[in-house]
Amino acid sequence: MVKLFRKVDQDFTPTNGAAVLGLVNASYSEGLGGGIGTFEGVNTEWTVTYDEILFIIEGTLTLGIGDDGYVAGPGDTLWIPKDTALVYKSDAKVTFFFAV
């Protein structure tokens with residue numbers, strides 16, 4: 001069955017500079033997850049436990065991986081392989097779509 005997620009029904013209240021809304025999760029799909037997120041003023045370390053795609057809708061996101069930095073803006077897509085240790089960084093608000 002198709003599920004429609006309306007923006008007006010979603011809560012994007014940030015916590016510690018981040019609001020990540022996992023729309024599709026294990027209660028809908030056994031093999032796919034996805035949603036919308038915002039970061040603002042974050043510097044968050046994380047190791048992804050799955051392959052991840054980030055599509056930047058607005059703003060700029062810097063993805064720090066070791067000594068490398070990947071700067072992505074509106075319309076850019078980042079593919080992050082499973083087990084990548086990284087740092088999500090944003091000073092101003094960035095909005096993105098993610099799929100895992």
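The structure is a predicted model, in which local features need pLDDT of at least 70 and side-chain atom pairs count only at pLDDT 80 or more, while totals for chains, interfaces and linings use all residues. Residues are numbered from 1 along each chain as its sequence is written, and side-chain values use heavy atoms, with hydrogens and water left out.

Helices (H or I, at least four residues) and strands (E, at least two) are taken as DSSP runs, numbered from the N terminus, and two strands count as paired if DSSP finds at least two bridges between them. An open sheet is formed by 5 strands in the order β1-β2-β9-β4-β7, with antiparallel pairing. The edges are held by β1 and β7, each with a single partner strand, so one side of each has no neighbour in the sheet. From one strand to the next, the twist averages 20 degrees, where axes are lines fitted to C-alpha atoms, for helices over the stretch in contact, and angles run from 0 to 180 degrees between N-to-C directions.

Strand β4 (residues 52-58) can be followed on both of its sides. With β9 (residues 94-99) it pairs in the antiparallel sense over 5 bridges. Ile53 faces Ala99 in β9, and Ile56 has Phe96 as its bridge partner in that strand. Strands β4 and β7 also run antiparallel and are joined by 4 bridges; here Leu54 stands opposite Leu78.

Next comes the interior. A nonpolar core is a set of buried Ala, Val, Leu, Ile, Met, Phe, Trp, Tyr and Cys residues joined through side-chain atoms within 4.5 Å; buried means under 20% relative accessible area, exposed over 50%, and partly exposed in between (1.4 Å probe, protein chains only). The largest such core has 15 residues, of which Phe39, Leu54, Leu61 and Tyr88 touch the most other members. Two or more residues come from each of β4, β5 (61-65), β7, β8 and β9, and β9 gives the most, with 3 residues. Leaving aside neighbours within four places in sequence, Leu61 is in contact (heavy atoms within 4.5 Å) with a list of residues including Phe39, Leu54, Ile56, Leu78, Tyr88 and Val94.

Rings of Phe, Tyr and Trp (its six-membered ring) pair if their centres lie within 6.5 Å, with planes under 30 degrees apart counted as stacked, over 60 as edge-to-face and the rest as tilted. By this rule there are 4 aromatic pairs. Phe5 and Tyr28 make an edge-to-face pair, at 5.6 Å centre to centre and 85 degrees between the planes. This pair links distant parts of the chain, 23 residues apart: Phe5 lies in the segment before β1 (18-24), and Tyr28 in the loop between β1 and β2 (34-39). Phe5 is partly exposed at 25% relative accessible area, and Tyr28 is partly exposed at 47%. The rings of Phe96 and Phe98 have centres 6.4 Å apart and planes at 55 degrees, so this pair is tilted.

Asp83, in the loop between β7 (77-80) and β8 (85-90), is a residue other than glycine with a positive phi, near 70 degrees. Asp83 is exposed, at 56% relative accessibility.
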